[in-house]
Amino acid sequence: MDGNQGSEADPAAAGCGCACRCRQWPAAEGAVVALDDDTPELDAARLIDEIRTLEDSKSALAARQARLSVAFDQLQRREQSVAGIPTDQLGAGVGAQIALARRESPAKGSRLLGLAKALVTEMPRTLAALEAGQLNEWRATLLVRETACLSAEDRCSVDEELAPDTGTFGGAGDRGIVAAVRTAAYRRDPHSVTQRAAHAATGRHVSLRPAPDTMCYLTALLPVAAGVAVHAALVRNADSVRSGGDPRSRGQVMADDLVERVTGTPGGIAGVEIQLVMTDRTLFQGDREPARLPGYGVVPGGWARSIIGRGGSASGAPGAPGAPDPGAAEDQTFTVWIRRLYTVPASGELVAMDSRARLFPAGLRRFIEARDDTCRTPYCDAPIRHLDHVVPWHGGGATTQANGAGLCEACNHTKETPGWSSRGRPGPKHTIEVTIPTGHSYFSTAPPLPGARFSHGVVHATKPPTDRSDQRTAC
């Protein structure tokens with residue numbers, strides 16, 4: 001919508017831009033939101049009442065989704081059993097289908113299915129509280145999570161003891177709910193709860209996710225003793241450095257110290273290929289078109305140029321110990337190499353590259369990773385772990401950029417589940433159609449490269465036709 005629309009001369013055009021029935025967005029404190037033409041005059045109490053009613057409706061709908069998810073899982077398992085799938089593989093791909101229907105990632109879909117099974121089969125009173133609006137979906141998830149180590153019988157006993165549908169947790173916060181559930185679970189089976197805590201250390205890991213303004217969150221899940229020790233060491237060093245006159249804040253010193261201790265270099269970048277993708281206009285002419293950093297997302301073009309100009313040393317406050325001097329060539333921490341990616345002017349599509357090999361060669365692999373950025377399964381944005389043939393190699397699929405797609409490990413395994421299929425679709429952008437066992441189809445379109453003027457689509461495409469015989473060509 002043009003930025004000049006919605007002027008004072010046309011107040012009805014000053015909508016919020018969403019699909020609701022709003023007529024006017026508040027322009028200043030004290031302004032009134034007109035909801036629709038047939039809504040009577042409202043007061044604050046009635047607005048709060050409706051907000052609460054809508055929240056109760058959301059909880060009831062979440063409970064309905066849980067029941068439907070369990071019914072779908074049972075139906076799929078029966079169909080898979082009739083098809084001769086081994087018992088230990090029954091249920092494969094069910095969570096991924098639910099994820100597509102709910103427009104969530106496959107990992108989130110599996111968690112939602114697990115939540116639904118626990119509520120419907122083992123925690124009826126928690127499910128009743130969700131249906132009645134006494135719990136929301138997140139707090140029901142907390143109850144399920146904290147009883148996961150118990151047997152079905154003990155979990156049902158905890159559900160009965162706490163009786164969430166009687167208003168047990170009215171006014172309680174998340175911590176209060178977790179504490180009550182943990183206490184009840186420990187009384188039922190102290191050994192399992194203790195064993196779960198001991199086993200939790202095997203889940204330690206480090207993860208990275210984007211943050212605003214070219215920052216990121218580096219998160220470590222550690223045993224409490226190790227985590228406290230790491231934090232204490234960083235704090236001690238920060239206090240020592242600051243007492244010597246370092247102008248950086250404690251948090252800045254701790255962050256810089258963490259990077260240097262882990263990587264062994266002050267800037268933190270040494271011998272790592274970061275693969276910035278940008279247009280030649282952004283690189284050489286200062287164009288406003290942003291760049292893309294694989295594993296992170298879109299970054300400002302100016303920031304990308306500064307990274308290249310400073311040899312990758314973008315961390316550390318200017319003037320601080322160990323901070324790079326932008327004008328000193330000898331301070332560069334890596335060599336800058338430029339790899340040209342040729343695109344079609346009209347569509348922005350990368351130029352094709354073919355190979356007869358079954359395995360994707362290194363150059364073609366980099367090509368597909370640059371094009372796809374993250375996993376190409378609809379709604380999944382996990383990092384690419386596998387290069388996959390859209391049409392399987394054993395089914396005649398070629399090892400080409402058009403028939404290649406970057407997938408995460410879980411999605412690549414799900415794709416091989418009976419009833420799932422995928423194929424390329426013609427168009428100006430690389431597009432994949434994914435069809436699931438129910439016959440529903442979903443499209444995944446490659447994200448635009450910097451400089452391309454195209455929308456990024458991961459769109460729910462079609463429902464299955466009434467005559468399922470039409471689906472044979474897609475399966």
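Aspartate 174 is partly exposed, at a relative accessible area of 32%. Partly exposed sits between buried, under 20% relative accessible area, and exposed, over 50% (1.4 Å probe, protein chains only). This is a predicted model, where local features need pLDDT of at least 70, side-chain atom pairs count only at pLDDT 80 or more, and totals for chains, interfaces and linings use all residues. Residues are numbered from 1 along each chain as its sequence is written, and side-chain values use heavy atoms, with hydrogens and water left out.

What does aspartate 174 pair with? It forms a salt bridge with arginine 139, and the closest N and O atoms are 2.8 Å apart. A salt bridge here is a side-chain nitrogen of Lys or Arg within 4 Å of a carboxyl oxygen of Asp or Glu. This pair links distant parts of the chain: arginine 139 sits in helix H5 (residues 137-146), aspartate 174 in helix H7 (residues 174-188), and 35 residues separate them. Helices are DSSP runs (H or I, at least four residues), strands likewise (E, at least two), numbered from the N terminus. Arginine 139 is partly exposed too, at 25%.

Now the wider count. The whole structure holds 27 salt bridges. One of them joins arginine 77 and aspartate 73, at 3.1 Å, N to O. Why do these two sit about one helical turn apart? Because they are four residues apart in helix H1 (residues 44-82). Buried or exposed? Aspartate 73 is buried, at 4% relative accessibility. Arginine 77 is partly exposed, at 30%. Asp73 and Arg77 also belong to a salt-bridge network with Lys117.

Next, the cavities. How many reach 30 Å³ or more? A search of the whole structure finds two. A cavity is a set of points, on a 1 Å grid over the protein atoms alone, where a 1.4 Å probe fits but cannot get out; lining residues have an atom within 4 Å of a point. Grid points are joined across faces, edges and corners, and volume is the space filled by probe spheres set on the points.

The largest cavity has a volume of about 200 Å³. Of its 17 lining residues, the closest to the centre are Thr377, Leu407, Cys411, Lys415 and Val434. H14 gives the largest share of that lining, three residues.

The second largest cavity holds about 70 Å³. Its lining includes Ala62, Arg102 and Glu137.

Terms used. 1 Å grid on protein atoms, 1.4 Å probe; cavity = no way out; pocket = protein on both sides within 12 Å on 5 of 7 lines; lining within 4 Å.
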